[in-house]
Amino acid sequence: MLALAACIPRGEPRGPAPRTDAPGRADRNDPATLQCHLDLARERVGFRVLADRSFGGGCTALGAVQLTEIGTPVTNLGAMTCPLARQFARWTRETVQPAANRHLGSPVRRIETFGTYACRGVNGQAGARLSEHAFANAVDVAAFVLADERRITVADHWRGDDGDARRFLRALHEGGCRSFAIGLGPDSNAYHYNHFHFDMGRGPYCR
Ligand SMILES: [Zn+2]
């Protein structure tokens with residue numbers, strides 16, 4: 001997909017680091033993962049635990065879940081590390097819906113994403129440092145459909161004429177930076193003109 005290929009987060013300010021001590025590399029039996037499952041259950045989030053997988057090229061989905069019910073329908077969510085899934089559900093509940101009601105006077109009926117897992121390097125080059133997407137530890141969020149049928153997109157509304165929509169998107173970006181380790185939006189670099197990139201890698205970093 002073109003949109004996925006466009007997400008090349010080379011602006012992410014993390015140097016090379018051994019993967020073993022990086023966040024988001026805990027397998028499904030890791031105590032942190034099991035605690036995360038309990039958090040999801042307590043917060044009434046529907047999910048399935050996925051098998052740990054290695055895809056070659058260093059790409060993995062370890063300790064991942066498939067979200068099935070977070071209170072708001074979301075498109076294109078694949079495997080997500082449990083901490084990423086937990087923070088995504090919290091961001092939707094605590095930031096997205098309140099901001100929609102406050103700035104736009106309507107709840108969000110659907111969140112549209114460009115997906116989560118993708119095996120690729122940060123520069124799209126063999127041998128380059130892998131993106132957090134290559135560990136199912138990142139999500140790209142593109143648009144929000146409101147109950148009143150309006151569709152707010154990062155591409156059209158981040159710098160658009162509609163002040164309410166601009167304030168709504170800025171509230172989501174700001175809240176995302178609190179919920180996730182890394183938050184990147186259209187102001188970070190040209191690759192992010194049409195989506196927010198959120199991941200649970202080495203942070204905090206917000207731009
Ligand atoms: Zn991304």
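Where is the place of Ala136? Ala136 sits in the loop between strand E7 (108-115) and strand E8. The model shown here is predicted.

Most residues other than glycine have a negative phi, and most peptide bonds are trans. Ala136 is not a glycine, yet its phi is positive, at about 55 degrees. Its relative accessible area is 0%, so Ala136 is buried.

Arg44 also has a positive phi, near 60 degrees, and Arg44 is a residue other than glycine. Arg44 lies in the loop between helix H2 (31-42) and strand E1 (46-49). Is Arg44 buried or exposed? The cut-off for exposed is over 50% relative accessible area. Arg44 has 76% relative accessibility, so Arg44 counts as exposed.

The table sets the two residues side by side.

| Residue | Phi | Relative accessibility |
|---|---|---|
| Ala136 | about 55 degrees | Ala136: 0%, buried |
| Arg44 | near 60 degrees | Arg44: 76%, exposed |

Next comes a peptide bond. The bond from Gly203 to Pro204 is cis, and its omega is near 0 degrees. Pro204 belongs to the loop between strand E11 (196-199) and strand E12 (205-206).

**A buried aspartate**

Asp140 is part of strand E8, which covers residues 138-146. Its relative accessibility is 0%, so Asp140 counts as buried. Which side chain does the side chain of Asp140 make a polar contact with? The partner is the side chain of His197, at 3.3 Å. Asp140 can also be placed relative to Leu184. These two residues are 44 residues apart along the chain. Their C-alpha atoms are separated by 9.4 Å.

**Two packed helices**

Two packed helices are described by the angle between their axes and the distance between the axes. Here the pair is helix H3 (residues 82-104) and helix H5 (residues 163-179). They pack at an angle of about 155 degrees, and their axes are 9 Å apart. Angles over 145 degrees count as roughly antiparallel. H3 and H5 are therefore roughly antiparallel to each other. Their crossing is right-handed.

Which residues make the contact? H3 contributes Gln87, Trp91, Thr95, Val96, Ala99, Ala100, His103 and Leu104. H5 contributes Asp164, Ala165, Arg167, Phe168, Ala171, Leu172, Gly175, Gly176 and Ser179. By class, the contact of H3 with H5 has nine nonpolar residues, six polar residues and two charged residues.

Terms used. Residues are numbered from 1 along each chain as its sequence is written. This is a predicted model: local features need pLDDT of at least 70, side-chain atom pairs count only at pLDDT 80 or more; totals for chains, interfaces and linings use all residues. Side-chain values use heavy atoms; hydrogens and water are left out. Axes are lines fitted to C-alpha atoms, for helices over the stretch in contact, and angles run from 0 to 180 degrees between N-to-C directions. Helices (H or I, at least four residues) and strands (E, at least two) are DSSP runs, numbered from the N terminus. Angles under 35 degrees count as roughly parallel, over 145 as roughly antiparallel, 65 to 115 as roughly perpendicular and the rest as oblique. A crossing is left-handed if the near helix is turned anticlockwise from the far one by less than a right angle, and right-handed if clockwise. Contact means heavy atoms within 4.5 Å. Ala, Val, Leu, Ile, Met, Phe, Trp, Tyr, Cys and Pro count as nonpolar, Asp, Glu, Lys and Arg as charged, and the others, Gly among them, as polar. Buried means under 20% relative accessible area, exposed over 50%, partly exposed in between (1.4 Å probe, protein chains only). A polar contact is a pair of N or O atoms within 3.5 Å; within protein, one must be able to donate a hydrogen and the other to accept it, and residues adjacent in sequence count only if both atoms are side-chain atoms.
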